[in-house]
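Me: Please take a close look at one part of this model, the contacts between its side chains. Go through them one by one and say where each partner sits.

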Amino acid sequence: QVQLVESGGGLVQAGGSLRLSCEASGRISVFNHGGWYRQAPGKQREFVANIYPNGSVNYGDSVKGRFTISRSRARNIMYLQMNSLKPEDIAVYYCMLYGPPNYWGQGTQVTVSS
């Protein structure tokens, strides 16, 4: 069993910042290859960012230059630093541990007020 627990979501004004965290525990407790996705109301789940075992990262076009993915030295916590937030960033954010199988967190709501 693998558990991914997200935290750090909330309400922020446009232009503000939030940092999301995702802690892994259980049978697999390290983020060698992990990612963040988001789902806005009425839309499909969208790729935000991911990080590979060698530390290389990728970002979705809509967040490049504003969001930063990272992980703890022990690799058991993955972070998403979100700066310059916009109303279009409003979504439920999910962390994922790539498999197979893939494991998902429960999601954390991010709301940005204009």
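Reply: Arginine 38 and aspartate 89 form a salt bridge, with their closest N and O atoms 2.9 Å apart; the term stands for a side-chain nitrogen of Lys or Arg within 4 Å of a carboxyl oxygen of Asp or Glu. Arginine 38 belongs to strand β4 (residues 34-39), while aspartate 89 is in the loop between β8 (77-82) and β9 (91-97), so the bridge ties together parts that are 51 residues apart in sequence. Strands here are DSSP runs (E, at least two residues), and helices are runs of H or I of at least four, both numbered from the N terminus.

The model is predicted: local features need pLDDT of at least 70 and side-chain atom pairs count only at pLDDT 80 or more, whereas totals for chains, interfaces and linings use all residues. Residues are numbered from 1 along each chain as its sequence is written, and side-chain values use heavy atoms, with hydrogens and water left out.

Aspartate 89 is buried, at a relative accessible area of 0%, and arginine 38 is buried as well, at 6%. Buried means under 20% relative accessible area, exposed means over 50%, and partly exposed is what falls in between (1.4 Å probe, protein chains only). Arginine 38 also makes a salt bridge with glutamate 46, at 2.8 Å from N to O. Glutamate 46 is partly exposed, with 32% relative accessibility. Arg38, Glu46 and Asp89 belong, together with Arg66, to a network of salt bridges. The total count is 4 salt bridges. One of them joins lysine 64 to aspartate 61 at 3.2 Å, N to O, and aspartate 61 is exposed, at 66%.

The aromatic side chains come next. The structure holds 3 aromatic pairs. Rings of Phe, Tyr and Trp (its six-membered ring) pair if their centres lie within 6.5 Å; planes under 30 degrees apart are stacked, over 60 edge-to-face, and the rest tilted. Tyrosine 37 and tryptophan 104 have ring centres 5.3 Å apart and planes at 65 degrees, which makes the pair edge-to-face. Tyrosine 37 lies in strand β4 and tryptophan 104 in strand β10 (residues 103-104), so this pair ties together parts that are 67 residues apart in sequence. Tyrosine 37 is buried at 15%, whereas tryptophan 104 is partly exposed at 37%. Tryptophan 104 pairs with tyrosine 94 too: the ring centres are 6.4 Å apart and the planes stand at 85 degrees, so this pair is also edge-to-face. The link runs from tyrosine 94 in strand β9 to tryptophan 104 in strand β10, 10 residues apart. Tyrosine 94 is buried, at 14%. Tyr37, Tyr94 and Trp104 form one aromatic cluster with Phe47.

Arginine 45 meets two of these rings. The charged end of arginine 45 sits over the ring of tyrosine 94, 3.8 Å from its centre, and arginine 45 lies over the face of tryptophan 104 at 4.6 Å from the ring centre. For a charge to count as over a ring, NZ of Lys or CZ of Arg must be within 6 Å of the ring centre and within 35 degrees of the ring normal.

That leaves the covalent link. The structure has 1 disulfide, meaning a pair of cysteine sulfur atoms within 2.5 Å. The disulfide is between cysteine 22 and cysteine 95, with 2.0 Å between the sulfur atoms. The angle about the S-S bond is 45 degrees, and the link is right-handed. Cysteine 22 is in strand β3 (residues 18-26) and cysteine 95 in strand β9, 73 residues apart. Cysteine 22 is buried at 0%, and cysteine 95 is buried at 0%.
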